[in-house]
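Please take a moment to look over the sequence and the fold before reading on.

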Amino acid sequence: MSQRRDATSDLLDEEVAAVLQQVGDGLSKISGVLAVALGGSWSRGGGDSISDIDLGIYYRVSDPPSVEELRAAAADLDTGVAPPEVTD
């Protein structure tokens with residue numbers, strides 16, 4: 001692996017970490033959110049510049065978070081790419 005690829009990988013890792021921190025900060029304010037799990041290629045250490053960030057939100061069925069609040073938190077993210085998507 002070249003030095004250039006290593007530097008690029010480090011930069012991507014830092015950018016993804018910053019996005020995850022922003023997501024965590026936003027989700028921590030939403031009632032009912034218990035935990036957030038990273039999935040997909042980034043969780044396996046294989047994420048790259050075309051990888052999306054897959055997240056799972058843990059909550060109690062008896063006290064689910066508001067989908068509207070989740071969508072509002074997602075809208076606050078400025079990833080510079082495609083807008084975040086919230087599915088219910």
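Helices (H or I, at least four residues) and strands (E, at least two) are DSSP runs, numbered from the N terminus. The model is a predicted one, in which local features need pLDDT of at least 70 and side-chain atom pairs count only at pLDDT 80 or more, while totals for chains, interfaces and linings use all residues. Residues are numbered from 1 along each chain as its sequence is written, and side-chain values use heavy atoms, with hydrogens and water left out.

The chain has 3 helices and 2 strands, and read along the sequence they follow the pattern α-β-α-β-α. Of the 88 residues in the chain, 18% are buried, where buried means under 20% relative accessible area, exposed means over 50%, and partly exposed lies in between (1.4 Å probe, protein chains only). Among contacts (heavy atoms within 4.5 Å) between residues at least 6 apart in sequence, 51% join residues at least 24 apart.

Ser41 is found in helix H2, which covers residues 40-43. Is Ser41 buried or exposed? Ser41 counts as buried because its relative accessible area is 17%. Leaving aside neighbours within four places in sequence, Ser41 is in contact with Gly46, Gly47 and Ser51. The side chains of Ser41 and Ser51 are also joined by a polar contact of 3.3 Å, a term for a pair of N or O atoms within 3.5 Å; within protein, one must be able to donate a hydrogen and the other to accept it, and residues adjacent in sequence count only if both atoms are side-chain atoms.

Asp63 lies in the loop between S2 and H3, and with a relative accessible area of 41% Asp63 is partly exposed. The C-alpha atoms of Asp63 and Ser31 are separated by 8.4 Å, although these residues stand 32 apart along the chain.

A pocket, on a 1 Å grid over the protein atoms alone, is an open set of points where a 1.4 Å probe fits, with protein on both sides within 12 Å along at least five of seven lines, and its lining residues have an atom within 4 Å of a point. Of the 42 residues that line the largest pocket, the closest to its centre are Ile53, Leu55, Leu77, Pro84 and Glu85. Helix H1 (3-27) gives the most to this lining, with 8 residues, and strand S2 (54-58) and helix H3 (67-75) each supply at least two.
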